[in-house]
Amino acid sequence: MPGFPSVAFPKINWEIFIFGHYKSYQKAFSTSFMLRVKAYTNSVSVALTLEAHCAEIQAGLTAVGEPLACLAESNGFKVERINSTIIITAPLGKVTFTGNKNSTRISFASPTNPELQLFKELYADRISKLGLAEIIEWDPPRASIPLNQTRCEVVSCVNISKNFSRLRLRGEFTNFKKHNAGLHFRFLFGPKGVEWPALDANGLTSWPGGISKWHRPVFTVRRISVDADWIDVDIALHGGGRITKWLDGIKTSDEIAINGPSGSKMPKAERMFLFGDETAMPTIMRIIENVSINTEVRATIALRDPEDLQKVTEDKRFQIVSVDMRDEQKLLNTLKERIDLINGSYLFFAAEKTQAVKAREFIRSSSVSVGTAKIAAYWTRNL
Ligand SMILES: Cc1cc2nc3c(=O)[nH]c(=O)nc-3n(C[C@H](O)[C@H](O)[C@H](O)COP(=O)(O)OP(=O)(O)OC[C@H]3O[C@@H](n4cnc5c(N)ncnc54)[C@H](O)[C@@H]3O)c2cc1C
């Protein structure tokens, strides 16, 4: 692309081009600013877009950027300090503080809009904890719906086995299909009669009635259509569960809003050991269906009824066994029995909170070197 700076690599030409409306050179990072990095090969073109949003604060760089940089460092994230600029690189994106003794401009940039929304909200909360919420001025948002919210419509809800229902939702799920998108989302259930959460004048989510009044359980996208216009969600039914109750009265065309994509992304490894109870079966099945053909997967799933076990039709290198979920220790014991095989592999363990805590302790104390481990509490039993 002529007129734009480009750097030549042996096989790839990287081109960086910037577009947007600039109020002035200093304010180059306006709301509609976008930075695109394009990698060209002979036949392939990959575009990576960074979505951005800015804020200005009447407080010096040392008062705002420095404490947040220290926090990021303590969380293990990269922090660069260059003259009057501090850049933090975190999983959700990059935040840049540019300032002097009196004021600081803060610019957030993330690979996707949903990540940008989460990133801004995380930092808005941190800035508020520094006691600076009153003096921050955000650039006005372009949208009215939070960038991580999708409004969907119920297409169907069918019982697929004794303890599982499958819900199909229609909507615009392009973000869920993106490379590296999180596998999960949250349903949004608010107090009776209120509107869906919307963006306030700062581009932050305003929760009618207050966020604590919203039930926001995390679920997994089990499957997504080729055109990203529907998703399937597999729900483990349990007495007393609010989602189970909601499904009881559900009708085609009912509207629901969800926040996502979020959470863990598709893992990559040559060998994977996956352990999960019924709530993690959707994650495990999605991983198995989407891993590369060369990946070897061994999965153990704890189920109330072995007939709930889903079949995988793909021609992949996997082995799935089910164990009885009513024996609370069984999943953890199976992990313990297999630990020697897991050396150097990817490990996933997701179940009820007490089991996840024990699994984490066990892995920490074990002499086996796990490649990457993802150990998560998927639900909490009422004591
Ligand atoms: C990353 C992630 C992904 C998940 N994906 C899925 C998924 O795809 N499908 C799925 O079914 N679940 C999934 N879960 C688990 C789900 O979020 C929880 O089970 C959640 O509590 C269900 O919300 P609810 O409104 O049905 O239950 P609530 O109304 O919040 O629960 C009421 C009570 O029931 C108990 N309870 C909660 N969950 C269960 C359970 N599963 N079994 C027995 N008792 C329970 C609790 O003690 C709770 O106090 C996932 C969780 C995480 C963290």
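Reader: Which residues have the most contacts inside the largest nonpolar core?

Author: This is a predicted model, in which local features need pLDDT of at least 70, side-chain atom pairs count only at pLDDT 80 or more, and totals for chains, interfaces and linings use all residues. Residues are numbered from 1 along each chain as its sequence is written. A nonpolar core is a set of buried Ala, Val, Leu, Ile, Met, Phe, Trp, Tyr and Cys residues joined through C-beta atoms within 7 Å; buried means that 20 or more other C-beta atoms, placed from the backbone, lie within 10 Å of the residue's own. The largest such core has 30 residues, and those with the most contacts inside it are Leu274, Ile284, Phe348, Phe349 and Ala351.

Reader: Which strand gives the most to this core?

Author: Helices (H or I, at least four residues) and strands (E, at least two) are DSSP runs, numbered from the N terminus. Elements that each supply at least two residues of the core include helix 5 (281-290), strand 20 (296-303) and strand 22 (346-352). With six residues, the one that gives the most is strand 22.

Reader: Which residues does Ile284 touch, not counting those up to four places away in sequence?

Author: Contact requires C-beta atoms, placed from the backbone, within 7 Å. On that basis, and leaving out residues up to four places away in sequence, Ile284 touches Leu274, Gly276, Ala299 and Ile301.

Reader: Why is strand 7 largely enclosed by the rest of the structure?

Author: Strand 7 covers residues 93-99. The strand is largely enclosed because, of its seven residues, the number buried is five.

Reader: How many bridges join strand 7 to strand 8?

Author: Two strands pair if DSSP finds at least two bridges between them. Strand 6 (residues 85-90) pairs with strand 7 in the antiparallel sense over six bridges, with Ile86 opposite Phe97. Strand 7 and strand 8 form a hairpin with four residues between them, and Thr98 has Arg105 as its bridge partner in strand 8. Strand 7 and strand 8 (residues 104-110) run antiparallel, and the bridges joining them number six.

Reader: How do the residues of the shell around the ligand divide into nonpolar, polar and charged?

Author: The shell has 23 residues, the closest being Pro217, Thr220, Gly241, Arg242 and Ile243; a residue is near if its C-beta atom, placed from the backbone, lies within 6 Å of the ligand. Ala, Val, Leu, Ile, Met, Phe, Trp, Tyr, Cys and Pro count as nonpolar, Asp, Glu, Lys and Arg as charged, and the others, Gly among them, as polar. The division is ten nonpolar, ten polar and three charged.

Note on methods: Buried ≥ 20, exposed ≤ 12 C-beta atoms within 10 Å, placed from the backbone. Contact = placed C-beta atoms within 7 Å.
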